[in-house]
Amino acid sequence: MAMAAADTHVEKVNSREVSPGPILLLGAPGVGKGTQAKELMAKWGIPQISTGDLLRYHRDQGTPLGVQAKAVMDQGKLVPDDLVNQMVAERLKQRDTAEGYILDGFPRTLGQAKWLDRHIGADPTALPVVAVSIQVGYTQLLRRITGRRTCPVCGTIYNIYLQPPKVDEKCDLDGTSLVRRSDDTEEVFQERMRTYESQTAPVVEHYRALGRFAEVDGEQPVDQVAADVIAAVARLRSGTGGH
Ligand code: AMP
């Protein structure tokens, strides 16, 4: 793409004139992917596609796919690529994805990433995936996860390190003793980190090698992280006008 055209595309992406296309958010547990997905949905009016949510929906509805996936999910293992890919293919047929979509939790394996590129590439007019990884240091992630407390009555979420209640371990709103989620322990967090790193490292390398990968600092305020993600997408799009 010529420089002038690239600049124009960046401006257009920033000003919502053109579709942002498919955006993959990557990041370890606790980096704030869900929060950022909501920011991007609000900015661009495009849907978030979470394969975890889709699989839970199929499981709860008892569809043939859900029945197959249930046992695997219950063990915390990965559902086979073919099943997940097919489910994503169905979801991408829906019209709300025409301008773009935010992928959350997919692709999680190299096989899924290659399938997705082929699937999208089958339409010569479609924009390819750009991947943005949200980076948060280990210590900060650990604090976010192990410091998290919730009021069991009103659902208010606190963090004893980053956003503590006025009185230790008590809800500011109703005085109820706060509770800690059973999987918010350091041990479980370390296991989730190991799983993330082993599964996702090849996906990161795949998009990096294609020049469709960027990292943003996730330790900044939410608005700033969102601004950086949007700028990264615009920058990457300037080099990915076509396949
Ligand atoms: P999540 O909510 O993203 O943590 O996903 C919950 C569970 O759904 C995972 O533990 C996997 O069993 C399954 N799952 C979600 N996304 C995928 C994927 N892209 N590939 C395989 N399994 C997945």
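**Close-ups of a predicted chain**

**View 1. V79 and the residues around it.** Leaving aside residues up to four places away in sequence, V79 touches L55, A69, V72, M73, V84 and Q112; contact here means heavy atoms within 4.5 Å. This is a predicted model, in which local features need pLDDT of at least 70, side-chain atom pairs count only at pLDDT 80 or more, and totals for chains, interfaces and linings use all residues. Numbering runs from 1 along each chain as its sequence is written, and side-chain values use heavy atoms, with hydrogens and water left out.

**View 2. The largest nonpolar core.** V79 turns up again here, among the residues with the most contacts inside the core, alongside L24, L26, L116, V132, Y207 and V229. The core has 56 residues. A nonpolar core is a set of buried Ala, Val, Leu, Ile, Met, Phe, Trp, Tyr and Cys residues joined through side-chain atoms within 4.5 Å; buried means under 20% relative accessible area, exposed over 50%, and partly exposed in between (1.4 Å probe, protein chains only). In soluble globular proteins, nonpolar side chains tend to be buried together.

View 3. F106 and P107 are joined by a cis peptide bond, with omega about -5°. P107 sits in the loop between strand 3 (100-104) and helix 6 (110-121). Helices (H or I, at least four residues) and strands (E, at least two) are DSSP runs, numbered from the N terminus.

**View 4. E169 and its positive phi.** E169 is not a glycine, yet its phi is positive, about 60°. Most residues other than glycine have a negative phi, and most peptide bonds are trans. Look for E169 in the loop between strand 6 (157-159) and helix 8 (186-209). Its relative accessibility is 32%, so E169 counts as partly exposed.

**View 5. K43 on helix 2.** K43 belongs to helix 2 (residues 33-44). K43 counts as partly exposed because its relative accessibility is 24%. How far apart are K43 and Y207 in sequence and in space? They are 164 residues apart in sequence and 24 Å apart in space, C-alpha to C-alpha.

**View 6. Stepping back to the chain.** The protein chain has 9 helices and 7 strands, and 43% of its 243 residues count as buried. Its C-alpha atoms fill a box of roughly 60 × 45 × 30 Å along the principal axes. Of the contacts with a separation of 6 or more, 69% come from residues 24 or more positions apart.
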